[in-house]
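Hi everyone, thanks for making time. Have a look at the sequence and the fold on the screen, and then I'll walk you through the aromatic rings.

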Amino acid sequence: MKEECKECEEIHRQGLQSQPPKLTSAGKTVLAVGAGAAALIYGLTIPFLLPGFRKICLPYVPATEQQITNVIRCLRGRSGSIVDLGSGDGRILFSIMKHNVSKDSSLNISTADGVELNSWLVWYSKFTKWRLRNVIPRQSMNFYKRDIFKTDLKYYDNIVVFGVESLMVELEQKFKTELKNDGLIIACRFPLPNWKPVKEEGEGIDKVWSYDIFSSK
């Protein structure tokens, strides 16, 4: 029994003296890089994933060049302010405002606002605005992180929305309540289901529809 106890004591003593293996400098570096990469990926992707958990959201799908051309065609002769609901990376508004300042422009847009829920896209739009400061007057454009249904549309003369089918009926109600008497709505990808468009441009996924307040009657 004493010999067994001595063996137990020896095992216990060796256990106390033993230490876990230490990480080498290379191992620590790999671990730090892996953790940093995971944090970066999480930070970059979460703003794109979170809108999907909301009841109503606009997914980020960049507009094509043809879609932007069709939007500008529907805006011919228009003036005043414009808002892009779900503005993404801001490419629609930047194209509109570039055209607005060109010599042969058929537009007279005074201000342009982008409304977007994705923080990264709002920051990117603001950076692009700064980068184009010598082309487009900075004071004429703004981008906001905001829910489109919490955006007061009574202040805008022109509204652009790249919607999804499930949104359009609710947007109709908002437009009917808040659209100016001489306001214009341009819907892309999906039309307003119960309104009659005053103009259509393009075809397929690039097609856009424009509406005024009388379209709802």
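**Rings and their neighbours**

Let's start with a charge on a ring: R133 sits over the face of W130, 4.1 Å from the ring centre. There's another one at Y144, where R146 lies over the ring face at 4.6 Å from its centre. Keep in mind that this is a predicted model.

Now, rings with rings. How many aromatic pairs does the structure hold? Five. Take F94 and F143: their ring centres are 5.4 Å apart and the planes meet at 40°, so we call that pair tilted, since it falls between the cut-offs of 30 degrees for stacked and 60 for edge-to-face. What I like here is that the pair links distant parts of the chain. F94 is in helix α4, residues 91-101, while F143 is in strand β3, residues 141-145, and the two are 49 residues apart.

Are those two buried or exposed? F94 has 5% relative accessibility, so it counts as buried. F143 is buried as well, with a relative accessible area of 5%.

Next up, F175 and W195. Here the ring centres are 6.5 Å apart and the planes are at 70°, so this pair is edge-to-face. F175 belongs to helix α6 (residues 168-178), and W195 is in the loop between β5 (184-188) and β6 (199-201), so the pair ties together parts 20 residues apart in sequence. Both F175 and W195 are buried.

And which residues form a cluster through ring pairs? That would be F175, W195 and Y211.

How values were computed: Residues numbered from 1 in each chain as written. Predicted model: local features only at pLDDT ≥ 70, side-chain atom pairs only at ≥ 80, totals over all residues. Heavy atoms only, no water. Phe/Tyr/Trp six-rings, centres within 6.5 Å; stacked < 30°, edge-to-face > 60°. Helix = DSSP H or I, 4+ residues; strand = E, 2+ residues; numbered from the N terminus. Buried < 20%, exposed > 50% of the residue type's maximum accessible area, 1.4 Å probe, protein only. Lys NZ or Arg CZ within 6 Å of the ring centre and 35° of its normal.
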